[in-house]
Amino acid sequence: MTTEAVFEHDASVIGVEVHLGTFEITPERVAGYLRATGETNPLYTDEAAAQAGPHGGLVVPPGILQTISMAGAPNAKVKFGNFAMHSGQRMEVVAPIRVGDVISVAADVKEVYPKTGRSGTMVFEVRRNTFRNQHGEVVAISEMSMVHRQAGGG
Amino acid sequence: MSDTRYFEDVEPGDEFSERWIPTRETVVGYLTVGNAEAGNTASRFTSDEEAQKIGMQRAIVPGAFSLCMATRVVTDWMGPTGRLHSIDVDFRRPVLHDDALNILALVTDTLEDGGRPIVKLDVYLENERGERPVQGTAIVELPTRG
């Protein structure tokens, strides 16, 4: 027998994609990203070396997609515990991103589920972002997990 | 500059690491690349005062930035002919500004998956207090000598 955690959330947003807008991959943004992260991989910085790579030319680090605002993304409005935090981040890289691409972002709530461990019950909300280029091709999928729990042993 | 790394030269147990000290300057630089924090000049990611309001010792590093740095270490290692398929991390505790971090990766498996030469890795960030605030896994594809 299992004990179901009692929590409230808005299940109507699960799996419903919301278009958040577009983001242009400009040379300035790429330069800023390379500077902040200290990227030196020739895939991103050396045209000649990148030509010999798997993408036949320069590409952009997929992490740049993590800098895009997710304002307006759906939220399952989980009501559980007194504390919420960003508990995980996942990125699946599907296709190369290049300077000049215009990336559109679609966001949805993938799932909401409870989990009980040694520290008690937690409720996870997984928010998913799908990034497509101007050709409609999916270039990456990112998932962000939020955990809701009762802090302080309550 | 990274060199080509071949699948045949990689074995489970191989380890590599890079040092990283996230300063306020680099965090602000990261946040201003896109529009994630547009107009927000005083947040828990940039201000000690704001971070202390939510119980942190000092300003914290955005989780996504830690993911990007773990990604960089993996892509540096795989070189220009490798291909990153995925990276997946859990945040166990906050990464603070000015923490002296080691970003480490460990090869855990090498396999042929549908004809593709795949390498699986554990990745984690370790701070000077011996904690591992960020832990996860990555999957990359490397070229073969054949």
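Ala42(B) is exposed, because 9 other C-beta atoms lie within 10 Å of its own; here a residue is called buried if 20 or more other C-beta atoms, placed from the backbone, lie within 10 Å of its own, exposed if 12 or fewer, and partly exposed in between. The model is predicted, so that local features need pLDDT of at least 70 and side-chain atom pairs count only at pLDDT 80 or more, while totals for chains, interfaces and linings use all residues. Residues are numbered from 1 along each chain as its sequence is written, and chains are lettered from A and ligands numbered from 1 in the order in which they are written.

Ala42(B) has its place in the loop between helix 1 (24-31) and helix 2 (48-53) of chain B, where helices (H or I, at least four residues) and strands (E, at least two) are DSSP runs numbered from the N terminus. Not counting residues up to four places away in sequence, Ala42(B) touches Ser47(B) and Glu50(B), a contact being a pair of residues whose C-beta atoms, placed from the backbone, lie within 7 Å. In chain A, Asp46(A) sits in the loop between helix 2 (42-45) and helix 3 (47-51), and Asp46(A) is partly exposed because 17 other C-beta atoms lie within 10 Å. The table gives a C-alpha separation for each of these two loop residues.

| Residue pair | Residues apart along the chain | C-alpha separation |
|---|---|---|
| Ala42(B) and Thr144(B) | 102 residues | 48 Å |
| Asp46(A) and Leu58(A) | twelve residues | 7.1 Å |

An open sheet of ten strands, with antiparallel pairing, has the order 1(A)-3(A)-4(A)-5(A)-2(A)-2(B)-5(B)-4(B)-3(B)-1(B); two strands pair if DSSP finds at least two bridges between them. Its edge strands, each pairing on one side only, are strand 1 (18-24) of chain A and strand 1 (15-20) of chain B. Strand 1 of chain A pairs with strand 3 (residues 102-117) of chain A over six bridges in the antiparallel sense, and Val102(A) in that strand 3 is the bridge partner of Glu24(A). Strand 2 of chain A and strand 2 of chain B run antiparallel and are joined by five bridges, with Gln89(A) opposite Val89(B).

The contact between the chains involves 32 residues of chain A and 31 residues of chain B. On the side of chain A that touches chain B, the largest share, eight residues, comes from strand 2 of chain A. The residues of that side divide into 13 nonpolar, 14 polar and five charged, where Ala, Val, Leu, Ile, Met, Phe, Trp, Tyr, Cys and Pro count as nonpolar, Asp, Glu, Lys and Arg as charged, and the others, Gly among them, as polar.

The largest nonpolar core has 61 residues, and those with the most contacts inside it are Ala70(B), Val74(B), Ile87(B) and Val123(B); such a core is a set of buried Ala, Val, Leu, Ile, Met, Phe, Trp, Tyr and Cys residues joined through C-beta atoms within 7 Å. Helix 3 (residues 63-78) of chain B gives this core its largest share, ten residues. Among the residues that Ile87(B) touches are Met91(A), Leu67(B) and Ala138(B).

In helix 1 of chain B, the buried residues are Val27(B), Tyr30(B) and Leu31(B). They lie on the same side of this helix because they cover an arc of only 95° around the axis, the arc being that of the directions from the helix axis to the C-beta atoms. Their cover includes helix 1 of chain A together with helix 3 of chain B.

Definitions and conventions: Two residues are in contact if their C-beta atoms, placed from the backbone, lie within 7 Å.
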